[in-house]
2 protein chains.
Amino acid sequence: MFRIGEFSKLSQVPVKTLRYYDEIGLVRPAFVDAATGYRYYTAEQLPRLNTVLALKDLGFKLDQIHEFVDDHLTAEQMEGMLRLRRAEIRANLQDEEARLVRVEHRLRLITQEGQMPKHEVVIKKAAPLRVAAVRGVVENYQTVGPLFGEVMAELGKHAVAPVGPPMALYYDEEYKEKDVDVEAAVPIGTAEVAPSGRVQVRELESYEAVASLTRRGPYDDFTPAYQELMSWIQSNGYRIVGPNREIYLTGPESGSPPEAWVTEIQFPVAKS
Amino acid sequence: MFRIGEFSKLSQVPVKTLRYYDEIGLVRPAFVDAATGYRYYTAEQLPRLNTVLALKDLGFKLDQIHEFVDDHLTAEQMEGMLRLRRAEIRANLQDEEARLVRVEHRLRLITQEGQMPKHEVVIKKAAPLRVAAVRGVVENYQTVGPLFGEVMAELGKHAVAPVGPPMALYYDEEYKEKDVDVEAAVPIGTAEVAPSGRVQVRELESYEAVASLTRRGPYDDFTPAYQELMSWIQSNGYRIVGPNREIYLTGPESGSPPEAWVTEIQFPVAKS
DNA sequence: GCTTGACTCTCCCGCCACTGGAGGCTGTAC
DNA sequence: GTACAGCCTCCAGTGGCGGGAGAGTCAAGC
């Protein structure tokens, strides 16, 4: 019979942990002195404790281990749990590898530029979205505005108010200075709007993953933001799978000064 | 100005999380209605929130992120944190890969044998240990006993009691049926014992890692236990770096029946 | 038999980043 | 005026212990 301290040395499990395992009924001492409360263990309990340690090392939770060691499971069930565990570990490994890539990307940015990056990229989901929209080819990026005018005029006729910020979708495969193929879209929720002229009502595609960058400032030069976003996408092993969007969260219509305008740029992406 | 629900949709951060970030001062709403307690956010807060999300994605804790976003850190400090983080992630990856190997090893055991493994292997440390010991070549495994007799007789002369279970160290590189090179050792703590005859007093080497298997039962056949242990060591990418030990936690001297005897087998190992 | 000091006991708090729920107030649409 | 979605605060719980307080226990040495 060992007292808890000796048993702790033998098994190399902290005393606190042994008491905790007693409390949750995972490894009970062979004998407890009713008068003093002292726990006494025997060497015969080591195999059970070692089973617990081994299963813990495989990454199982203590309540799962509880079932294993108390024999409530067949070999098939155990096999199933192990397969599941294997899948989880593989997923963890993928996550951690992606995280490592992100850390290394940021490290490169800092060592190259000598300063913190100016924008942040996050991966989010894009929900489907009902919009009123006009698509057309405009002369350049500055002349997208009138398209929004068309859409808003149409909504005005139906007395429908937008339910979210306006956005632009860019369909060109590569960067173009002129003749930009763009769609101006305004979310309208479930409101009834009859299509008319160039304005149509449709549902924007949803995406499992979009790489998103949010920037603050006037609409003078989006190039650095686009460059950071593209570089992030490439470094992190994603590829672009759809037209990018610009979402004008705070724009000229807000009445705030241009420095306070906030725009989100999104690229639908998938792991490549 | 967005209410918390809209801001949650924009940022894809749960409302509960936004309230928590407010509470810990990480992302405070732009305005709080003093009468109702309603939180109001602006689009201008999205970049800060996105920074938080991006750093969280790198695996930083919220209090570290707190320092980052409140500009208490220079680019060099940030770089240092990132290098540290990279090292941690690499360590995690190694751990998880080792875990995956262990899970796969156990999965092989189950599918091959159709049942749960009978013994468990755990990695532990071996502390240095002062012992009285006799080393010699004996005829076979059954004839180790008399060596312990020699040691115990010597201890008796000095009226010294063992401070732990007796153990045997096996020095043969490979398995031998006959002429086994073995050392019988008994821990004596700090007691003074003059070496005499074949009995010497020495300190057993400590090891950073030993693969340990604990079995219950009589001393009739250790072969399956040794096989499981060797197979585990090989499957998990370890190699043996010293003589193995058998530790007789409960043995004949305990007076218990042979089925209750408990023996631990240890191989010093290192990752190869 | 007494003292000392190492060991053990229970109980409670803290960790981390939230999540869930109860109970009550507020804003908006019809 | 009345639903009803949305918002508020407060509290408890998560997992697997670790730290520490305050009190009791055991074994050895004198």
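User: Which element supplies the largest share of the surface near DNA strand D, and with how many residues?

Analyst: H2(A) does, contributing three residues. Bear in mind throughout that this is a predicted model.

User: What makes a residue part of that surface, and which residues come closest to DNA strand D?

Analyst: The test is whether its C-beta atom, placed from the backbone, lies within 6 Å of the strand. Around DNA strand D there are 18 residues, and the closest are A:Leu62, B:Arg3, B:Gly5, B:Gly37 and B:Arg39. Two or more residues each come from H2 of chain A and from helix H1 (4–11) and H2 of chain B. Sorted by class, this surface holds eight nonpolar, four polar and six charged residues.

User: And which residues come nearest to DNA strand C?

Analyst: There are 17 residues around DNA strand C, with A:Arg3, A:Gly5, A:Gly37, A:Arg39 and B:Lys61 the nearest. Here H2(B) is the top contributor, with three residues. The surface near DNA strand C divides into seven nonpolar, four polar and six charged residues.

User: How do you know whether B:Val180 is buried or exposed?

Analyst: Count its neighbours: a residue is buried if 20 or more other C-beta atoms lie within 10 Å of its own. B:Val180 has 20 C-beta neighbours inside 10 Å, so it counts as buried. This valine lies in strand E7 (residues 180–187) of chain B. Setting aside neighbours within four places in sequence, B:Val180 contacts B:Val137, B:Val138, B:Asn140, B:Tyr141, B:Tyr170 and B:Asp172.

User: What is the relation between chain A and chain B called, and how do you know?

Analyst: Superposing chain B on chain A takes a rotation of 180° with 0.0 Å of shift along the axis, and the RMSD is 0.2 Å. Those values are why the relation is that of a two-fold axis. Within chain B, B:Leu93 comes closest to the rotation axis, its C-alpha being at 3.2 Å.

User: How do you know that the same surface serves both copies?

Analyst: Compare the contact residues: 100% of those of chain B recur in chain A. The contact takes 47 residues from chain B and 47 residues from chain A. On the chain B side, H5(B) gives the most, with 21 residues. By class, that side of chain B has 21 nonpolar, ten polar and 16 charged residues.

User: What makes a set of residues a nonpolar core, and how many residues has the largest one here?

Analyst: Its members must be buried, belong to the nonpolar types Ala, Val, Leu, Ile, Met, Phe, Trp, Tyr and Cys, and be joined through C-beta atoms within 7 Å. The largest such core has 48 residues, and A:Val151, A:Ala184 and A:Ala211 have the most contacts inside it. H3(B) gives the most to this core, with six residues. Another core, of 47 residues, lies apart from it and includes A:Leu10, A:Ala43, A:Leu49 and B:Val182.

User: Which residues is A:Ala184 in contact with, leaving aside its neighbours within four places in sequence?

Analyst: A:Ala184 contacts A:Ala133, A:Val134, A:Val144, A:Leu147, A:Phe148, A:Val151, A:Pro166 and A:Ala168.

Note on methods. Residues are numbered from 1 along each chain as its sequence is written. Chains are lettered from A and ligands numbered from 1 in the order in which they are written. This is a predicted model: local features need pLDDT of at least 70, side-chain atom pairs count only at pLDDT 80 or more; totals for chains, interfaces and linings use all residues. Helices (H or I, at least four residues) and strands (E, at least two) are DSSP runs, numbered from the N terminus. Ala, Val, Leu, Ile, Met, Phe, Trp, Tyr, Cys and Pro count as nonpolar, Asp, Glu, Lys and Arg as charged, and the others, Gly among them, as polar. A residue is buried if 20 or more other C-beta atoms lie within 10 Å of its own, exposed if 12 or fewer, and partly exposed in between; C-beta atoms are placed from the backbone. Two residues are in contact if their C-beta atoms, placed from the backbone, lie within 7 Å. Copies are superposed by least squares on the C-alpha atoms of residues with pLDDT of at least 70 in both.
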